[in-house]
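Here is a friendly walk through one protein model, meant to be read with the structure open beside you.

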Amino acid sequence: MSNSITRTRVNFSGKMALIAAVIVAFAISTQAKANELTPSEQAAVQQHFEILDQHQQASEAQIIDDIQANLDQQMEQAETQFMETTCAEHDRQYDSETQVCYE
């Protein structure tokens, strides 16, 4: 019984290997037959790459700006909390507008 299970797995994996080999050979042969781009097509591709690069830079700049704004807000909240705690430890009140402790 166990021999038939092993035999089935070997036959199945052999078929899969043959199919995979045919697919890889087909992919390689189709790439070898690819036509070269004309100068106008190359220019169009280059223009699209430049547009993609501009969009990528703009997207990265926006992400950096968002992260910086979030960090600034978190820092301000942490500073306020620190000052309120420090002032309270010394029996003083914290004024967030002037950023000082007073009695």
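The sections below go from the overall layout to the individual links and surface features.

## Overall layout

Please keep in mind that this is a predicted model. The protein contains two helices and two strands, and reading from the N terminus their order is α-α-β-β.

How much of the protein counts as buried? Of its 103 residues, 2% do. The accessible surface amounts to about 9500 Å², and carbon and sulfur atoms account for 57% of that area.

Helix 2 covers residues 39–89. With 51 residues, helix 2 spans 74 Å from its first C-alpha to its last, which is close to the 75 Å expected at 1.5 Å a residue.

What comes after this helix? Helix 2 is followed by Asp91, a residue with a positive phi near 55 degrees.

## The disulfide

Searching the whole structure turns up one disulfide. Its partners are Cys87 and Cys101, with their sulfur atoms 1.5 Å apart. The angle about the S-S bond is -55 degrees, making the link of Cys87 and Cys101 left-handed. Because Cys87 sits in helix 2 and Cys101 in strand 2, the pair ties together parts that are 14 residues apart in sequence. As a reminder, a disulfide is a covalent bond between the sulfur atoms of two cysteines.

Are these two cysteines buried or exposed? Cys87 counts as buried, with a relative accessibility of 1%. Cys101 has 30% relative accessibility and so counts as partly exposed.

## The salt bridge

There is one salt bridge in the structure. It joins the side chains of Arg92 and Glu103, at 3.6 Å from N to O. Arg92 belongs to the loop between helix 2 and strand 1, and Glu103 to the segment after strand 2, so this pair ties together parts that are 11 residues apart in sequence.

The two partners can also be described by their accessibility. Arg92 is partly exposed, at 35% relative accessibility, while Glu103 is exposed, at 76%.

Most residues other than glycine have a negative phi. Which residues here have a positive phi although they are not glycine? Asp91, with a phi of about 55 degrees, is one of them, and Gln99, with about 60 degrees, is another.

Asp91 is in the loop between helix 2 and strand 1, the strand of residues 93–95. Its relative accessibility is 71%, so Asp91 counts as exposed. Gln99 is in the loop between strand 1 and strand 2, where strand 2 is residues 100–102. Gln99 also counts as exposed, because its relative accessibility is 54%.

Glu84 is partly exposed, since its relative accessible area is 45%.

## A nonpolar patch

Which residues make up the nonpolar patch on the surface? Leu37, Val45, Phe49 and Leu52 form it, and together they have about 380 Å² of accessible area.

Phe49 lies in helix 2. This residue counts as exposed because its relative accessibility is 51%, and the cut-off for exposed is over 50%.

Notes:
Residues numbered from 1 in each chain as written. Predicted model: local features only at pLDDT ≥ 70, side-chain atom pairs only at ≥ 80, totals over all residues. Heavy atoms only, no water. Patch = residues over 30% accessible without salt bridge, like charges linked within 9 Å, V, L, I, M, F, W, Y side chains within 5 Å. Areas by Shrake-Rupley, 256 points an atom, 1.4 Å probe, with all protein chains shown as cover. Salt bridge = Lys/Arg side-chain N within 4 Å of Asp/Glu carboxyl O. Helix = DSSP H or I, 4+ residues; strand = E, 2+ residues; numbered from the N terminus. Buried < 20%, exposed > 50% of the residue type's maximum accessible area, 1.4 Å probe, protein only. Expected span 1.5 Å × (residues − 1). Disulfide = S-S within 2.5 Å.
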